[in-house]
Amino acid sequence: MLKTMKRTNVFKLYPTKEQEKFLLKICKMSTILWNKLNYIRRQAFFEGRFDWEEGVDELYNEFKSILGSATAQQIIRKNNFAWKSFFKLKWLQRMNKLPKHIKNVSPPRYWKDREAGKRKLMTIIRNDRYRIERNSKGKKYLIFKGMRIRITGKAKWHGKQGQLEILYDDLTKSWYSHQTIEVEKPEAKGYKKAFVDIGAICLITAWIENERQAIAFSGKPLLSDWWYWNKKIAQYQSILKRVNNKHTSKTLRKLYRIRQKRFRHYVNTVVHRFVKLCLKKGVKTIFVGDPKGLRINNNKGKKVNAIIHNFFSYRYIIQRIKITAENFGIKVKPVDEHNTSSRCPWCGSAKFVKKGRLFKCLACGIEAHRDVVGALNIALVSMMPSKPNRRRCRLRGFERGGFNRVLAHPVLLRVSPAEAQTSPQRILAT
Ligand SMILES: [Zn+2]
């Protein structure tokens, strides 16, 4: 059997006035259904008498005439799924096996826009209850519940059509739909390994097995952009407080969103570029150092530290590498960098000094780029997790106890944030 994975196509909706009225009604009722069911379940959970059946039939019967039975059923299923994931996490927590980045486990929330303090407007259309049509001029339409709504957006993924979620974005006053697509999982034909160090100054530094030189993608454009928007946010915040004595506003939320979008866009572009390079070089597995907690105490100056605490979302970057690699059939393995002290990758000595971006080995005298040292150490840690017996590392490029053929400095690769992200399915097809 072929393995599949789920991906999402995003479309923007342009409903007419009439259509919007109808959409608002369906979404409002869908949200009420979700919230009512969730209320029953939360109450039951906190009182220690959870029951999957409680209230379900009553709510289904109440809402099926308004929403249609398919949508009522999809919303109940989504709520079931949310509770199942919650119980699974709870169980992992009890077994002490909770993934490190999850700090607290809480029951499914209500459909509510927490920042705006309003009800969230969304609904779910079952896979067999809608279709997307293209007219002779190439214009796309979403057809469901007797409506034909104009939509825009590229269908990045092609495969088996899944459910469609429709939601209203209060901030931009726009309607969007997220279409789930089930696609076949590709498998990369390569055999090599790549080792990645993630950081703030160099977003990605990677060494691919048997290569003479590591590669690096700068994080500097990201940092300066982040600080530009930070300043704007701070300025606006002080005006808000002074003039209206308020802490939040729509404009402020918009600024936060811009900052996040720009951050994510840059990360996505870099990751996409990197993974495509891995594909070209014949990589089968990417090992990513998970530096959780490692760098927080490093004194890298106020700016960089603030970024590590507040925004430098390693989680997001690692997640992006994982998903993008999977799109191209490459596996990703996180490597715990905890409790591993770095050594000189060339001679194995533990005697070295680090200064700024530089690493200097006191035994063999090599002066190297810190993040290259990081990536090579990740290679060593992931190849011999238990016994750091340096002489027996089975990697192409590792000889006589060290990475003797690997250069001490990386080649810096640039991306332009405007670089288009072609669909992985299309890239693999060519
Ligand atoms: Zn050395």
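Six strands make up an open sheet of mixed pairing, in the order β14-β13-β10-β11-β12-β18, where two strands pair if DSSP finds at least two bridges between them. The model is a predicted one, in which local features need pLDDT of at least 70 and side-chain atom pairs count only at pLDDT 80 or more, while totals for chains, interfaces and linings use all residues. Residues are numbered from 1 along each chain as its sequence is written. Helices (H or I, at least four residues) and strands (E, at least two) are DSSP runs, numbered from the N terminus.

- β10 and β13 pair in the parallel sense over five bridges, and K192 stands opposite V283 in β13.

**Helix α5**
- α5 (residues 250–280) has 31 residues and reaches 44 Å from its first C-alpha to its last, close to the expected 45 Å, which is 1.5 Å times one less than its number of residues.
- α5 lies across β10, β11, β12 and β13, and runs at about 5° to β11.
- Among the buried residues of α5 are V267, V270, V271 and F274, buried here meaning that 20 or more other C-beta atoms, placed from the backbone, lie within 10 Å of a residue's own.
- Just after α5, G282 takes a positive phi of about 80°.

Definitions and conventions
A residue is buried if 20 or more other C-beta atoms lie within 10 Å of its own, exposed if 12 or fewer, and partly exposed in between; C-beta atoms are placed from the backbone. Two residues are in contact if their C-beta atoms, placed from the backbone, lie within 7 Å. Axes are lines fitted to C-alpha atoms, for helices over the stretch in contact, and angles run from 0 to 180 degrees between N-to-C directions.
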